Every structure is written in C-alpha cells, then in structure tokens.
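Thanks for coming. I will go through one model today, starting with strands and then moving to salt bridges and the surface.

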Amino acid sequence: MLIRDWMTTEVVTATPETSMLKVSKMMKEYGIRRVPVVDAQNRVIGIVSDRDVKDASPSKATTLDMHELYYLLSEIRVRDIMTPDPVTVEVRDTVERVALLMQERAIGGLPVVDDEGSLVGIITDHDVFKVLVQITGVRHGGLQVALDVEDLPGVMRPIFDLLREYDASLISMLSSDSKRGGNWREVFLRIRPMERAAENRLVEALHERFELLYWVREKVHEV
C-alpha cells in the first residue's frame, strides 16, 4: 500500500514569516496538530506542531497585560519555533514503512514530497489507523480467528481447504511474529458473518486441526 493513496493532499501550510498567532488559529480552525513550513518553491523547509506553539507561548502566570501579551505573540514567527529540515517521505513509500518511521522517531505526522522535493501531501497517525481499519475489514464484522503456524511453504493450504469445507468466506488475512519464537508465525483471519451454529462448527474444527490461539465474535475467547 502506497501512501499516495492514503495521504491528505490539501495541506495547510505556513511560511517562515507566518506569525505564531496565525498558525495557532489555523490549527484550531482545521483541527490539525502540525503545519509544514514551505519556501517560495513549495519545498518543505520545516514543520511546526501544536507542542511548538505551546512551548513558545507565555506561561499563564505571566505578569504581562493583554496588549503586551498580544504584541509579544504577534512578533513570534514560525521560523523562530519550527523544526527545520524535518523528516519527509515520498509518494511511492509504503504505508508500512511510514508507520515504522513514525514509531521509531516518535512522530505523529510526516510531510509527503515529490521527486523535486515539493510538498504534495501529509500523512498522519490518523491516516495509518484508517489503513488498519480498511485492510482488516473490521467494519464487516464476522469472525476473527488467530492461529499459530510454522513458517513453511504450503502451510496455509490445509487451512484454506478447511474454510472451503465449511463454506467460509475470507475477508482479510494478516500475520505477525509468533510469541513462541523460532520458525512460527501468528496468522489472523477475518471471516465473513455466518450463521452462529456454522461459526461454532468452524471454530471447533480449527481448534481440532490447528494451533488455534483465540477467536473473536463479540469478545475474545481464549482456547
């Protein structure tokens, strides 16, 4: 999955000369937490976050009156509080790589640039959550089962054969490293809603033939 299909393309931006007051107002108006800073050629040269604005704002305990406070804030420019040369990603990067980058850098959003380095979008942790919801098919409901399988060629074939035997339709399949380590994977299957009795028979068959970790209908059922 490429981020170009999930990023926000209509990006609110600022320049180095934009006032902090204006950036703060834009964040509140658009409900955003970060604003890329661009130059005259629309190249990303910085990013300013709501935390940057908060850190640069006077304490509530200040003795300044309202006129002095407003003057002080109006003099602060984005160039004074932004993070210069921020981490950026490209439109052909994968969502998975971007999610890893966000996790490793503790970043909630990244500007997206084209081959010339011009800003074309922004992708945030909220967009990554949307991807997770989409690829898991959770909106379809149904039955989720988790299996422990050896990471060997053809290991999924008997599982698919069993699903076919019980007329089960697969919505999604994901996998991750197994907690048992070694040459094992945890596989998560989401199956389209079936009659309750049919779902129960399927779960029982999976439990008998494979390493069933748990299954989920309304809540997690450990086995």
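Two strands are taken to pair if DSSP finds at least two bridges between them; strands (E, at least two residues) and helices (H or I, at least four) are DSSP runs, numbered from the N terminus. This is a predicted model, in which local features need pLDDT of at least 70 and side-chain atom pairs count only at pLDDT 80 or more, while totals for chains, interfaces and linings use all residues. Residues are numbered from 1 along each chain as its sequence is written, and side-chain values use heavy atoms, with hydrogens and water left out.

Now the strands. β1 (residues 34-38) and β2 run antiparallel, joined by five bridges. Arg34 has Ser49 in β2 as its bridge partner. The hairpin of β1 and β2 has five residues between the strands, and there Asn42 takes a positive phi near 65°. On to the next pairing: two bridges connect β2 with β3 (residues 83-84), again in the antiparallel sense, and Ile47 stands opposite Thr83 in β3. How many residues of β2 are buried? Five of the six in β2 (residues 44-49) are, where buried means under 20% relative accessible area, exposed over 50%, and partly exposed in between (1.4 Å probe, protein chains only).

Next, salt bridges: a side-chain nitrogen of Lys or Arg within 4 Å of a carboxyl oxygen of Asp or Glu. The count by this rule is 13. Arg217 forms one with Glu199, with the closest N and O atoms 2.7 Å apart. Arg217 lies in the loop between β10 (211-216) and β11 (220-222) and Glu199 in helix α8 (residues 196-209), so this pair ties together parts that are 18 residues apart in sequence. Arg217 is buried at 18% relative accessibility, and Glu199 is buried at 4%.

Lys130 is partly exposed at 39%, whereas Asp127 is buried at 3%. There is also a network of salt bridges that links Glu17, Arg79 and Asp80.

Last, a ring contact. Arg180 lies over the face of Trp184, 3.7 Å from the ring centre; the rule asks for NZ of Lys or CZ of Arg within 6 Å of the ring centre and within 35 degrees of the ring normal.

As for the surface, Leu132 is in helix α6 (residues 125-136) and is partly exposed, with a relative accessible area of 46%.
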